[in-house]
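The entries follow in the order in which I went through them.

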Amino acid sequence: MNSYVSRVLDGLNKTYPWEKEFLQAAKEVLESLSLVMAREKKYEKHRILERITEPERLISFKVVWVDDKGEVQINRGYRIQFNSAIGPYKGGLRFHPSVNQGILKFLGFEQIFKNSLTGLPMGGAKGGSNFDPKGKSDNEVQRFCQSFMTELFRHIGPDTDVPAGDIGVGGREIGFLEGQYKRLAISNGCVLTGKGLNWGGSLIRPEATGYGSTYFAEEMLKTRKDGFKGKTVLVSGSGNVAQYTIEKVTQLGGKVVSASDSNGTIIDKDGIDAEKLNYIMELKNVHRGRISEYAKKFKKADYIEGKKPWGLVKAEVAFPSATQNEINGDDAKALVKNGCICVSEGANMPSTPEAVDVFLANKVLYGPGKAANAGGVATSGLEMSQNSMRLRWEKDEVDSRLHQIMINIHKAAAEAAEEYGTPGNYVNGANIAGFKKVADAMIDLGL
Ligand code: NDP
C-alpha cells in the first residue's frame, strides 16, 4: 500500500474507530487509489485524500412525532453533505433502525464516486433516520416524514441538495416528504427525486437501479462473449432494486430463482416469471407483507427461514440487492463452488472485503455497487434535468439514456483498471475513474 494512503487510513482509524462501515468503505476505495497516488503526486500535495474523506457538512437532528396511540416518539435524523465539487449534493434517504452516522458516512462517501461515474454533475450525500417504517400505519409514516422534513428543508434545495429514496423510503415516503417541503419552502421547486409521475417524477426511475445493475452485468458477461440466456440467477431482497432486477434479468432470458427479506429466502426452481413477480410487487409494495407468503401462494417454491440465498442452489449469476455486508467470505466461497461467474451489486457494499477477495481470486466478473447500481442515481439526475426543463421524456428515451450510461460506466471502469495495470478489476477501475474527476475538480476549485 502507498505510504500516503496508509497514513490517511491510520488517521481515520484513530479518529473514527466506532464508524466501522465508513472505515470499511474508506479502506476499499483508498487501497485502490494507492495505484494513482504512486503515479501522481499532485493529489498528496493538495491533501486530497484527507479532504475527500471528511464530509463538507454533517447535519444531525431530532425528529419528534406522535404515534396512533397518541404517544410521543423520538428518532434521530441526519443529512451528510459529503462533497459538492462537481455538482449539487445528491444521494438517498434511508429509514431503517440500523441507521447511524457511520453507516450514512459510508453511503455518502461511496455516493461521491458513484455520482462521478455517471458522468452527470452531481456531488455526494446521504441521509436518513433510525425510524422503522415497518409495521407503522400510513398516518404514522406521514407524521414522521413531515416532522423529518420540518428540520431538513432548510438545508436542501433544487440547486443545492436533492435527496432521493433508499431502504425504507419509497414512493409513499417521498410523497409525504415532498409535500412538506413544498409547504415550508413556499416553493413549487422539485426537491426530491423518485417522485410520482403526476407530480414531477420520471418514467423508469423506479426501475432504474435494478435495470441498471442488470445492464452492467450484461456488459461484464459480454467481455467473455456470454449473456443471460439460459443462466440461473440469484437475487437477494424483495424491495425496489430486487423487483426490477428480477424483471430485467427475466426479459433478457435469465431465470431468477430466489428473493428474500430480512426474515428468510424463497427458492423457486421454476423461476420467478412476470406473473409471480407481480405477486411479489403487490405483496411488498401494497400489503407490505413478508416474502414467506410467496411459498404459501406458489406451492412448488420453498421458504428457508433465516437464510440468505447464497449457496442454496447452483447459479451462474448473483445480484445482492438487499443491504450492506450480506455476502461474507463463506457465502462467496459457496457461490463460487456452485458455479457463480458473475456478481453485480444492486445493494451498496453488500460484499465484505473477504468476499471481494474470493471473487477476485476466482476471476468472477465482479461489479461493485458504486458502478453496478449507479443507474438509480443516474436516472435521478435525468429526473432533475426534466424538472429543470419542465418537460417529461418518454419511457424509451429514459431507458435508452440509462442503458447508455451503464455502458459508459462499465467502459470507464474497465479502461481505468487496464490503465493502472489491473485489467478486469472493476473495484480498482470504478474507484479510480470516479475519484480522478472529483479530485481534479477539488484542485481546480481551490481550498
Ligand atoms: P427497499 O427498502 O425497497 O428493499 C430493501 C430489501 O432489502 C427488502 O427486501 C428488505 O427486507 C431487505 N433488507 C433490508 N435490510 C436487510 C437486512 N439487514 N438483512 C436482510 N435483508 C434486508 O430498498 P431498496 O431496494 O431501495 O434498496 C436495496 C439496496 O439497494 C440498499 O443497499 C440500497 O442502498 C441500494 N440502492 C438502492 C437504490 C435505489 O434506487 N432504491 C440505488 C442504489 C442502491 P425487509 O422488508 O425485511 O426489511
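I began with charges over rings, and found the charged end of Lys 276 over the ring of Phe 298, 5.8 Å from its centre; a charge sits over a ring if NZ of Lys or CZ of Arg is within 6 Å of the ring centre and within 35 degrees of the ring normal. Arg 39 likewise lies over the face of Tyr 420, at 4.2 Å from the ring centre.

I noted that this is a predicted model, in which local features need pLDDT of at least 70 and side-chain atom pairs count only at pLDDT 80 or more, while totals for chains, interfaces and linings use all residues. Residues are numbered from 1 along each chain as its sequence is written, and side-chain values use heavy atoms, with hydrogens and water left out.

Next I looked up aromatic pairs, of which the structure holds 23 (ring centres of Phe, Tyr and Trp, the last by its six-membered ring, within 6.5 Å; planes under 30 degrees apart are stacked, over 60 edge-to-face, the rest tilted). The rings of Phe 131 and Phe 144 are stacked, because their centres are 3.9 Å apart and their planes at 5°. Phe 131 lies in the loop between β4 (123-129) and α6 (138-152) and Phe 144 in helix α6, so the pair ties together parts that are 13 residues apart in sequence (helices, H or I of at least four residues, and strands, E of at least two, are DSSP runs numbered from the N terminus). Both Phe 131 and Phe 144 are buried (under 20% relative accessible area, with exposed over 50% and partly exposed in between, for a 1.4 Å probe and protein chains only). I also recorded that ring pairs link Tyr 16, Trp 18, Phe 22, Phe 82, Phe 109 and Phe 113 into a cluster.

For the largest nonpolar core, of 48 residues, I listed Phe 216, Phe 228, Val 233, Ile 272, Phe 319 and Ile 409 as touching the most other members (a core is a set of buried Ala, Val, Leu, Ile, Met, Phe, Trp, Tyr and Cys residues joined through side-chain atoms within 4.5 Å). Helix α8 gives the largest share of this core, seven residues.

Last I checked helix α15 (residues 375-389), whose 15 residues should span 21 Å at 1.5 Å a residue, which agrees with its end C-alpha atoms being 21 Å apart (the expected span is 1.5 Å times one less than the number of residues). Twelve of the 15 residues of α15 are buried, so this helix is largely enclosed by the rest of the structure. Arg 390 follows α15, with a positive phi near 55°.
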